Amino acid sequence: MHELSIVKSIFDTLVENYEDKIKEVTKIEITAGLLSNVQPILIKNAFSAFVEENAKYKDIELEVKVKEIIAYCEKCSKPFDVQYHKFVCGDCDTPSSIIIQGTELHISQVYFRN
Ligand SMILES: [Zn+2]
């Protein structure tokens with residue numbers, strides 16, 4: 001299961017970076033681009049299953065921030081929003097394969113208990 005391995009790697013990263021402070025983590029926010037192949041609902045389900053099996057993490061919440069796809073038009077020298085997976089500049093109709101946002105998948109924020 002693709003999502004579960006993502007959740008595991010999120011926790012591996014946290015353990016690596018925060019070690020003992022991981023006990024104080026209350027919430028993890030991840031940023032997932034629409035091209036990252038991560039479905040928020042599936043990753044949330046995988047997360048719930050993971051924390052259920054790992055009781056020490058059971059109070060940690062997950063928030064998934066979804067990023068829209070933005071491509072870049074070389075002809076107009078400006079970025080444009082990609083909608084419905086149509087990688088064509090709305091101003092000049094030139095197709096573009098330069099993606100500047102939408103493929104990312106990373107931990108964007110970690111919240112700790114005060
Ligand atoms: Zn253009």
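A salt bridge here means a side-chain nitrogen of Lys or Arg within 4 Å of a carboxyl oxygen of Asp or Glu. The structure I am showing is a predicted model. By that rule, the count comes to four salt bridges. I will go through some of them.

Start with E29 and K65. These two form a salt bridge, and their closest N and O atoms are 3.5 Å apart. E29 sits in strand 1 and K65 in strand 2, so the pair links distant parts of the chain, 36 residues apart. Is E29 buried or exposed? E29 is buried, because its relative accessible area is 7% and the cut-off for buried is under 20%. K65 has a relative accessible area of 39%, which makes this residue partly exposed.

Next, E63 and K27. Their side chains meet in a salt bridge, with 2.8 Å from N to O. Where do these two residues lie? E63 is in strand 2, which covers residues 61–67, and K27 is in strand 1, which covers residues 25–33. The pair therefore ties together parts that are 36 residues apart in sequence. Both ends are partly exposed: E63 has a relative accessible area of 25%, and K27 has 22%.

Then there is K58 with D59. The closest N and O atoms of this salt bridge are 3.9 Å apart, and the pair counts because the limit is 4 Å. K58 is exposed, at 55% relative accessible area, since exposed means over 50%.

To recap the strand pairs: E29 in strand 1 goes with K65 in strand 2, and K27 in strand 1 goes with E63 in strand 2.

Methods. Residues are numbered from 1 along each chain as its sequence is written. This is a predicted model: local features need pLDDT of at least 70, side-chain atom pairs count only at pLDDT 80 or more; totals for chains, interfaces and linings use all residues. Side-chain values use heavy atoms; hydrogens and water are left out. Helices (H or I, at least four residues) and strands (E, at least two) are DSSP runs, numbered from the N terminus. Buried means under 20% relative accessible area, exposed over 50%, partly exposed in between (1.4 Å probe, protein chains only).
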